[in-house]
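Visitor: I have a chain open on my screen and would like to walk through it. Can we start with the terms and then go to the strands?

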Amino acid sequence: VLRAWAVGISDSEMTAKKKAVVSASSQLAQMLNSAVTTTIDDYCVSLSEGEVAKSKEFLSQKTSLVSEQVLKGARPIFDQWEPKDAQGMYRNYVVLELSGEAYIKKLIEAMSESKDNSVKIDEKLLNELFMKAINSGK
């Protein structure tokens, strides 16, 4: 599971919330990108030299599409307001969460729908490496 938190501050309740959500979403995107990059690099290490370039390109294409979809589905697990302070500003605290299992499931679905049969991906190994990257905080 990937989680990111942020605080948004504004004189408007809605703007404070939007700022918090945008900031947390950005953090999640960075965390996911880091985990995906690590996973692809580690996966390609296990391949023979001839398979590396095709597999890396294939995985990079699929992960970028799936990452966008999954990030849109990040769910808030914490959303709390702080009333106006002395300066008339609202604070909104937000924690967003992404499921690593949901990400890898969507990635495997996207790969199986591909018309490119020249690249064979070891789904079990990919899953193990991705979960390792998430759990190690990379």
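Guide: Two strands pair if DSSP finds at least two bridges between them. Helices (H or I, at least four residues) and strands (E, at least two) are DSSP runs, numbered from the N terminus. This is a predicted model, in which local features need pLDDT of at least 70 and side-chain atom pairs count only at pLDDT 80 or more, while totals for chains, interfaces and linings use all residues. Residues are numbered from 1 along each chain as its sequence is written, and side-chain values use heavy atoms, with hydrogens and water left out.

Visitor: Fine. In what sense do β1 and β3 pair, and over how many bridges?

Guide: Strand β1 and strand β3 (residues 90-98) are antiparallel, with 9 bridges between them. Within that pairing, Ala6 stands opposite Val94 in β3.

Visitor: Which residues are on the covered face of β1?

Guide: Strand β1 covers residues 2-10, and its covered face has Leu2, Ala4, Ala6, Gly8 and Ser10. Arg3, Trp5, Val7 and Ile9 are on the uncovered face.

Visitor: What does Arg3 form a salt bridge with?

Guide: Its partner is Glu97, with the closest N and O atoms 2.7 Å apart. Glu97 lies in strand β3 and Arg3 in strand β1, so this pair ties together parts that are 94 residues apart in sequence. The cut-off for a salt bridge is a side-chain nitrogen of Lys or Arg within 4 Å of a carboxyl oxygen of Asp or Glu.

Visitor: Is Glu97 buried or exposed?

Guide: Glu97 is buried, at a relative accessible area of 10%. Arg3 is partly exposed, at 48%. Buried means under 20% relative accessible area, exposed over 50%, and partly exposed in between (1.4 Å probe, protein chains only).

Visitor: How many salt bridges in the whole structure?

Guide: The search finds 5. Another one of them joins Asp41 and Lys56, with the closest N and O atoms 3.3 Å apart. Asp41 is in helix α1 and Lys56 in helix α2, 15 residues apart. Asp41 is partly exposed at 34%, and Lys56 is partly exposed at 36%.

Visitor: Changing topic: what lines the largest pocket?

Guide: Among the lining residues are Ala29, Leu32, Asn33, Val36, Ser60, Thr63 and Leu71. Helices α1 (13-45) and α2 (49-72) are the elements that give two or more residues to that lining. A pocket is an open set of points on a 1 Å grid over the protein atoms alone, where a 1.4 Å probe fits, with protein on both sides within 12 Å along at least five of seven lines; lining residues have an atom within 4 Å of a point.

Visitor: How much space lies in it?

Guide: About 160 Å³ lies in the largest pocket, a volume being the space filled by probe spheres set on the grid points.

Visitor: And the chain overall, how many helices and strands?

Guide: The protein chain has 4 helices and 3 strands, in the order β-α-α-β-β-α-α from the N terminus on. Its C-alpha trace spans about 65 × 30 × 20 Å along the principal axes. Of its 138 residues, 37% count as buried.
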